[in-house]
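Morning, everyone. Please have a look at the structure on the screen, and then I'll walk you through it.

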Amino acid sequence: NGGLGESATTEVKPGTDALAHVRFAAVRDTSGNLHTVYVNRNDDVVHYRKANGFNDSWSRISTDVTQAAAVIDRVALAAVRGNNLYLLYSKSDAGIYYRRFDGASWGSESTLKAPSATPLQGALASIESANDCSLGVAWTEGSVSPCNVMFSLGIGGCSELGTIQAAGTLT
């Protein structure tokens, strides 16, 4: 574990079997470093990185990526060109937000899906292209069947994510 002890800061927030997995995400960047983000027991989204190679050394990059007062209930992580990462997350307001990591620090929050009275269901599923700076995310909405399967596709430079396909229903 690279010297990390168990504590409210380092442990993933507990939940029922149906919810705990949506609070953790991991990805490998284009240099081969492993990154993980998760909601800890303090309701902070923390970011750790493990350097490429045969080592057991993890370093904490951020103790609270989102700095949100609202509860973060889902996270997804995507890697794109140039060691850029995108953190996609939902808050208790059923909106979907994202931040970009440029290899050194996290940028400001942007909105992918505006807050809504329609509840999100399941996990955020990211789709990425490490050869470019394109990514997509899929999610389900609604509390009764049939639920909507929604998606959004972003294409742009790694410094910004422009949405070319707004949230739409996949049939």
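One term before we start: a residue counts as buried when its relative accessible area is under 20%. Keep in mind that this is a predicted model.

Let's apply that cut-off. Is His35 buried or exposed? Its relative accessible area is 2%, so His35 is buried. This residue is found in strand 2. Who does His35 touch, leaving out residues up to four places away in sequence? The list includes Ala25, Ala26, Val27 and Asp29. His47, Tyr48 and Arg49 are on it too, along with Leu77, Leu85 and Phe101. With His47 there is also a polar contact, side chain to side chain, at 2.9 Å. And Val27 has His35 as its bridge partner in strand 2.

That brings us to the pairing. Strand 1 and strand 2, the latter covering residues 34–39, run antiparallel to each other and share five bridges. They belong to an open sheet of four strands, ordered 1-2-3-4, with antiparallel pairing. Which strands stand at the edges? Strand 1 (24–28) and strand 4 (58–62) do; each has a single partner strand, so one side of each has no neighbour in the sheet. On average, neighbouring strands here are turned by 25° against each other, ignoring direction.

Now the whole protein. How many helices and strands are there? Zero helices, 12 strands. Of the 171 residues, 39% are buried. The accessible surface comes to about 8,400 Å², and carbon and sulfur atoms account for 51% of that. Next, contacts between residues at least 6 apart in sequence: 37% of these join residues at least 24 apart.

Last topic, charges. How many salt bridges does a search of the whole structure find? Two. One joins the side chains of Asp73 and Arg74, at 3.5 Å from N to O. Arg74 has 9% relative accessibility, so Arg74 counts as buried.

The other joins the side chains of Glu109 and Lys91, at 3.1 Å from N to O. Where do these two sit? Glu109 lies in the loop between strand 7 (96–101) and strand 8 (110–113), while Lys91 is in strand 6 (residues 84–91), so the pair ties together parts 18 residues apart in sequence. Glu109 is partly exposed, at 31% relative accessible area. Lys91 has 12% relative accessibility and therefore counts as buried.

That's my tour. Over to you.

Note on methods:
Residues are numbered from 1 along each chain as its sequence is written. This is a predicted model: local features need pLDDT of at least 70, side-chain atom pairs count only at pLDDT 80 or more; totals for chains, interfaces and linings use all residues. Side-chain values use heavy atoms; hydrogens and water are left out. Two strands pair if DSSP finds at least two bridges between them. Axes are lines fitted to C-alpha atoms, for helices over the stretch in contact, and angles run from 0 to 180 degrees between N-to-C directions. Buried means under 20% relative accessible area, exposed over 50%, partly exposed in between (1.4 Å probe, protein chains only). Contact means heavy atoms within 4.5 Å. Accessible areas come from the Shrake-Rupley method with a 1.4 Å probe; for residues, only the protein chains shown count as cover. A polar contact is a pair of N or O atoms within 3.5 Å; within protein, one must be able to donate a hydrogen and the other to accept it, and residues adjacent in sequence count only if both atoms are side-chain atoms. A salt bridge is a side-chain nitrogen of Lys or Arg within 4 Å of a carboxyl oxygen of Asp or Glu.
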